[in-house]
Amino acid sequence: MGLDIVEKFVEVEKKFNIEIADHEAERVLTISDFVNVIYLKTKITKKDKDIYKNIIIN
């Protein structure tokens, strides 16, 4: 896992007030995987179409 990805994990953990365990992060291979981890850790639903913008753009 590259440093850029680790920094994005840290940023998302802070933004959503969650913790992503190392074993969960190791399974993230795509942006969709990344978003699914956040769905599982928060009360955000998949109906929230803006989550990609909230995670990836900001």
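What percentage of the contacts in the protein chain with a separation of 6 or more comes from residues 24 or more positions apart? The figure is 36%, where contact means heavy atoms within 4.5 Å. The model is predicted: local features need pLDDT of at least 70 and side-chain atom pairs count only at pLDDT 80 or more, whereas totals for chains, interfaces and linings use all residues. Residues are numbered from 1 along each chain as its sequence is written, and side-chain values use heavy atoms, with hydrogens and water left out.

**View 1. The protein chain has 4 helices and 0 strands.** Helices (H or I, at least four residues) and strands (E, at least two) are DSSP runs, numbered from the N terminus. Along the sequence the pattern reads α-α-α-α. Of the 58 residues in the protein chain, 29% are buried. Buried means under 20% relative accessible area, exposed means over 50%, and partly exposed lies in between, with a 1.4 Å probe and protein chains only. The accessible surface of the protein chain is about 4400 Å², and carbon and sulfur atoms hold 55% of this area. Accessible areas come from the Shrake-Rupley method with a 1.4 Å probe; for residues, only the protein chains shown count as cover.

**View 2. The largest nonpolar core has 10 residues in all.** Its members are F9, V12, F16, I18, I20, A25, V28, F34, V37 and I38. A nonpolar core is a set of buried Ala, Val, Leu, Ile, Met, Phe, Trp, Tyr and Cys residues joined through side-chain atoms within 4.5 Å. The elements giving two or more residues to this core are α1 and α3. In soluble globular proteins, nonpolar side chains tend to be buried together.

**View 3. The structure holds 1 aromatic pair.** The ring centres of F9 and F34 are 4.7 Å apart and the planes stand at 70°, so the pair is edge-to-face. Rings of Phe, Tyr and Trp (its six-membered ring) pair if their centres lie within 6.5 Å; planes under 30 degrees apart count as stacked, over 60 as edge-to-face and the rest as tilted. The pair links distant parts of the chain, with F9 in helix α1 and F34 in helix α3 (residues 31-41), 25 residues apart. F9 counts as buried because its relative accessibility is 6%. F34, at 7% relative accessibility, also counts as buried.

**View 4. I38 lies in helix α3.** I38 has 0% relative accessibility and therefore counts as buried. From I38 to F16 the distance is 8.2 Å, C-alpha to C-alpha, although 22 residues separate them in sequence. E13 lies in helix α1. The C-alpha atoms of E13 and I38 are 8.8 Å apart, and the two residues are 25 residues apart along the chain. Leaving aside neighbours within four places in sequence, E13 is in contact with I18, E19 and I20.

**View 5. L3, V6 and V10 form a nonpolar patch on the surface.** Together these residues have about 240 Å² of accessible area. Patches are made of residues with over 30% relative accessible area and no salt bridge: like charges are joined within 9 Å, and nonpolar side chains (Val, Leu, Ile, Met, Phe, Trp, Tyr) within 5 Å. A salt bridge is a side-chain nitrogen of Lys or Arg within 4 Å of a carboxyl oxygen of Asp or Glu. V10 lies in helix α1 (residues 3-16), and V6 lies in helix α1. V10 counts as partly exposed because its relative accessibility is 35%. V6 counts as partly exposed at 35% relative accessibility. V6 and A25 are 8.9 Å apart in space, C-alpha to C-alpha, and 19 residues apart in sequence.
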